[in-house]
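Please find below a note on the structure under review. The points take up strand pairing, helix packing and the pocket in turn.

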Amino acid sequence: MPELPEVTAIADFVDGRAAGLPIRRVDVASLSVLKTADPPYTALVERIIESVGRVGKYLIIRTVPGPEHPGADPVLFLVIHLSRAGWLRWAEDLSPRPLRPGGKSPIALRVHCGLPGEGFDVTEAGTQKRLAGWIVRDLSEVERIATLGPDVLALSRDEFADILAGAGGRIKNVLTDQRIVAGVGNAYSDEILHAAELSPFATAKTLTADQVDTLYQAIHDVFTDAIGRLEGQQVAKLKSEKRTGLKVHARTGLPCPVCGDTIREVSFTDRSFQYCPTCQTGGKVLADRRMSRLLK
């Protein structure tokens, strides 16, 4: 799943290519992706892409009227949430043929902008269709954005501490709950907790002041490093570049690069997380519920 560093890199990459370009056509191959109908997706045609940015893990494409339509909506946003298997691909050789709705292609949405052939595809792999897009006049119209917590990188240390003090859940769940803080997902929460030497099962509100300091610094260190590695990369290379920087996530059974202990995993129905027992849990191996069920 693209998280804050990848969404930041995608936004910067597309902004550097699409900002200032007119939208010539929008093709929708999967109508289920669009969660709004007013304005229609055709309202984006002949508008100018003013900027591409990020809110939490959402891509925000801001458009303004083209010179031919000065009386149109002053601002329209195309908001995209890539979810688990979504991605964005910039191209300079897009086919002029309209996409066929309901086809087997992973392409859900195509935006033609700039010269013929230029633009980007929004794709989704797999069968779980969770990719989502909205076309709105105000970002508050997207309920998921309206209910987001503050951006995790915008918080001061004391603001972060206040949030944790009011959260009774496990720190892994608190960090990944977008209603509490926005931007952290499953992969980077594993990396952050490993860097902070904290158990994923630690209770957020019971962390000591020193642990809060360490966790706050780990968030900034992990994200600063990831954003720095991804900066300037082609969108197509972001996934592989992300994997090269991970120390514990998706590395079950491999040695911890810090202490050499074996990276362990806790699995749930539709996700899993990884951790190092020596670095994070005092050597204790956390119960894997999936394995416990298999042993019964």
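1. Two strands are taken to pair if DSSP finds at least two bridges between them. The model discussed here is predicted. On that definition of pairing, strand β9 (residues 264–267) and strand β10 (residues 272–275) pair in the antiparallel sense, over four bridges. Val 266 has Phe 273 of β10 opposite to it. The two strands β9 and β10 form a hairpin, with four residues between them.

2. Strand β1 is joined to β6 (residues 107–113) by five bridges, and the two run antiparallel. Within this pairing, Val 26 stands opposite Val 111 of β6.

3. A further open sheet of four strands has the order β2-β3-β4-β8, and its pairing is antiparallel. Strands β2 (48–55) and β8 (132–136) stand at the edges with a single partner strand each, so one side of each is left without a neighbour in the sheet. The twist from one strand to the next averages 20°. Five bridges join β4 (residues 76–81) to β8 in an antiparallel run; the bridge partner of Val 79 in β8 is Trp 134.

4. Two packed helices are described by the angle between their axes and the distance between the axes. For α1 and helix α6 (residues 209–230), the angle is about 35° and the axes are 9 Å apart. The crossing of α1 past α6 is right-handed. Leu 4, Pro 5, Glu 6 and Ala 9 of α1 make the contact with Phe 223, Ala 226, Ile 227 and Leu 230 of α6. By class, these residues comprise seven nonpolar, no polar and one charged.

5. Helix α6 also packs with helix α3 (residues 157–165), at an angle of about 115° and with the axes 10 Å apart. This crossing, too, is right-handed. On the α3 side the contact involves Arg 157, Phe 160, Ala 161 and Leu 164, while α6 contributes residues including Val 212, Leu 215, Tyr 216 and Ile 219. The contact of α3 with α6 has eight nonpolar, no polar and two charged residues.

6. How many residues line the largest pocket, and which lie nearest its centre? The lining has 35 residues, of which Met 1, Lys 57, Ser 83, Arg 84 and Asn 186 lie nearest the centre. The space in the largest pocket is about 1100 Å³. At least two lining residues come from each of β5, α4 (171–176), α5 (186–196) and α7 (238–244). The lining divides into ten nonpolar, eleven polar and 14 charged residues.

Definitions and conventions: Residues numbered from 1 in each chain as written. Predicted model: local features only at pLDDT ≥ 70, side-chain atom pairs only at ≥ 80, totals over all residues. Heavy atoms only, no water. 1 Å grid on protein atoms, 1.4 Å probe; cavity = no way out; pocket = protein on both sides within 12 Å on 5 of 7 lines; lining within 4 Å. Points joined across faces, edges and corners; volume = space filled by probe spheres on them. Nonpolar A, V, L, I, M, F, W, Y, C, P; charged D, E, K, R; others polar. Axes fitted to C-alpha atoms, helices over the stretch in contact; angles between N-to-C directions. Left-handed = near helix turned anticlockwise from the far one by under 90°. Contact = heavy atoms within 4.5 Å.
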